[in-house]
Amino acid sequence: MTEDAPESAVPLSLAAAPPPLAAAAPRRRERAASPRTWRERLMVRWVGYFPLTWAVGLAFVFWPVAALLSVGSLRRRLPWPAATALLMAGALALSVVVGVAAGLGSPARVLGAATNISVWVAVAGIIAAVASRGMGDDFLRALVWVGLANSSAAVIGWLLGSHASPLPLLHGLQYSAPEPARVWLDNLLAEQAWFGGPVVRSAGMMAYPTWQGAVSAASLLLAIALWQRRDIARRWVLVAQIATAAFGVYVSYSRVVWMGLAVALAVWLVVALSQRMPGVWLFTGLLAVGVAVTAYALRDHVASLLASLDENRPGSSQTRESIYADTLALMRTHPFPLLGYGIKATREGSEINIATHSTYVGIYYRGGLLAVGALAVFLLGPVVHALRHRSAAVAAMATFPLVPLAFQDYDPGHLLPLYTVAVFALVPLASPRPPRSAR
């Protein structure tokens, strides 16, 4: 493959080979018209430096630095996904003002809110560089390396069990560091848990097992999607990524990650089959209706099954329901429904914060209806983009976050937002849709 070949010219589906999604000539003209700046090159390389920052103990600076490097990409006309991410950052920033006025503005809380905003600024800048500056291949190479490093750390953590690791190097400062940095300085890469029996949950480089599992699942889907892209990574690298990421997903013992991956693989199968079986969408719809009707008819048994799944984690669902109820109760009295409070508040009598354990509920609290609308476009837009181009692997990647984010936060604690950006590196925004005869 030549240097100017489009990122999507190699088939991404295991079922059938779609036609090229972009021509080389337009990409060549695009690159000539939009030369890369040193800041943009450094920004994409910074993604690949995450394992190094984690090894040192400075992973908490990753997103703020990425946001600073993204400023150069935000000075021109932005593609719609980047504009949506920037709208999210603006909604959160305006909501912080409301939160400070409401008396929630402790220095630690404001710093945490600023770090959350930096995620969206960085994502906007990286999307702009990938979509309009021809840096998709560079970004994908960096992301493959990061995914392999994270899942390898998960394997090492599982092997170590509860024994300390020499990394991060600054772990001795864990209890004297400020709150946002403290979580990244823990040198125990795994923790003991009880799920009907003693198990070792591995956190990899993501500080918590659930975050590790989510990033491992996303990197697993990315590796399979890149299987035929030999210009991005060699086959043995992708084999290693798939093996370690699958293990990382398992040892996360995160039910929401497992469910999200199952849904993503189901989407992959349906989109792939639709390339050869035009009636598969109708069959899938009828099957979904049948499952819904059956579940309703057996609702008592379904409720009992869900309760049994929660038995090995006492209080899990009850705690979440309580957090959601308290969060929504606060928003019902908000004077400006388009905005939120911007800053997470601690629940009375508990160390658990308001607006946690669900991105959807949390974004509503922190950014109001404006942020909810931006989040919907940001998450659903890539799914629609992938489906329009009949890219099964990319559709699976775009779909995966939708389930875990219902129960987890989309925040600086992990790199899941970068895998949403990868959708636009795999299927560029400028790519024409496949002809109807090829669908």
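Analyst: A residue counts as buried when its relative accessible area is under 20%, as exposed when that area is over 50%, and as partly exposed in between. Please keep in mind that what you see is a predicted model.

User: With those cut-offs, is tryptophan 258 buried, exposed or partly exposed?

Analyst: Tryptophan 258 has its place in helix α11, and leaving aside neighbours within four places in sequence, tryptophan 258 is in contact with Val249, Tyr250, Ser252 and Tyr253. Its relative accessibility is 35%, and a value between 20% and 50% falls in the middle class. Tryptophan 258 therefore counts as partly exposed.

User: How far does helix α11 reach from its first C-alpha to its last?

Analyst: Helix α11 covers residues 255-274, which makes 20 residues. At 1.5 Å a residue, a span of 28 Å is expected, and the value computed from the model is close to that. From its first C-alpha to its last, helix α11 reaches 29 Å.

User: Which class, buried or partly exposed, does histidine 414 belong to?

Analyst: Histidine 414 sits in the loop between α16 (392-399) and α17 (416-426). Not counting residues up to four places away in sequence, histidine 414 touches Trp63, Met206, Trp211, Val215 and Asp409. Because its relative accessibility is 3%, and the cut-off is under 20%, histidine 414 counts as buried.

User: Which residues of α17 make the contact with α7?

Analyst: Helix α7 (residues 136-160) and α17 pack with their axes 9 Å apart, at an angle of about 140 degrees. Since angles over 145 degrees would count as roughly antiparallel, α7 is oblique to α17, and α7 passes α17 in a left-handed crossing. On the α7 side the contact is made by Gly136, Phe139, Leu140, Leu143 and Gly147, and on the α17 side by Leu418, Tyr419, Val421, Ala422, Ala425 and Leu426.

User: Which residues does phenylalanine 139 touch?

Analyst: Phenylalanine 139 is one of the α7 residues in the contact with α17, and it is also among the members of the largest nonpolar core that touch the most others. Residues up to four places away in sequence are not counted here. The residues that phenylalanine 139 touches are Val44, Val47, Ile126, Val130, Leu418, Val421, Ala422 and Ala425.

User: What kind of peptide bond joins leucine 167 and proline 168?

Analyst: Proline 168 is found in the loop between α7 and α8 (179-182). For the bond between leucine 167 and proline 168, omega is about -5 degrees, and the bond is cis.

User: Is arginine 390 buried or partly exposed?

Analyst: Arginine 390, in the loop between α15 and α16, has a positive phi of about 55 degrees although it is not a glycine. Histidine 357 likewise has a positive phi, near 65 degrees, and is partly exposed with a relative accessible area of 28%. The relative accessible area of arginine 390 is 19%, and because the cut-off is under 20%, arginine 390 is buried.

Methods:
Residues are numbered from 1 along each chain as its sequence is written. This is a predicted model: local features need pLDDT of at least 70, side-chain atom pairs count only at pLDDT 80 or more; totals for chains, interfaces and linings use all residues. Side-chain values use heavy atoms; hydrogens and water are left out. Helices (H or I, at least four residues) and strands (E, at least two) are DSSP runs, numbered from the N terminus. The expected span of a helix is 1.5 Å times one less than its number of residues. A nonpolar core is a set of buried Ala, Val, Leu, Ile, Met, Phe, Trp, Tyr and Cys residues joined through side-chain atoms within 4.5 Å. Buried means under 20% relative accessible area, exposed over 50%, partly exposed in between (1.4 Å probe, protein chains only). Contact means heavy atoms within 4.5 Å. Axes are lines fitted to C-alpha atoms, for helices over the stretch in contact, and angles run from 0 to 180 degrees between N-to-C directions. Angles under 35 degrees count as roughly parallel, over 145 as roughly antiparallel, 65 to 115 as roughly perpendicular and the rest as oblique. A crossing is left-handed if the near helix is turned anticlockwise from the far one by less than a right angle, and right-handed if clockwise.
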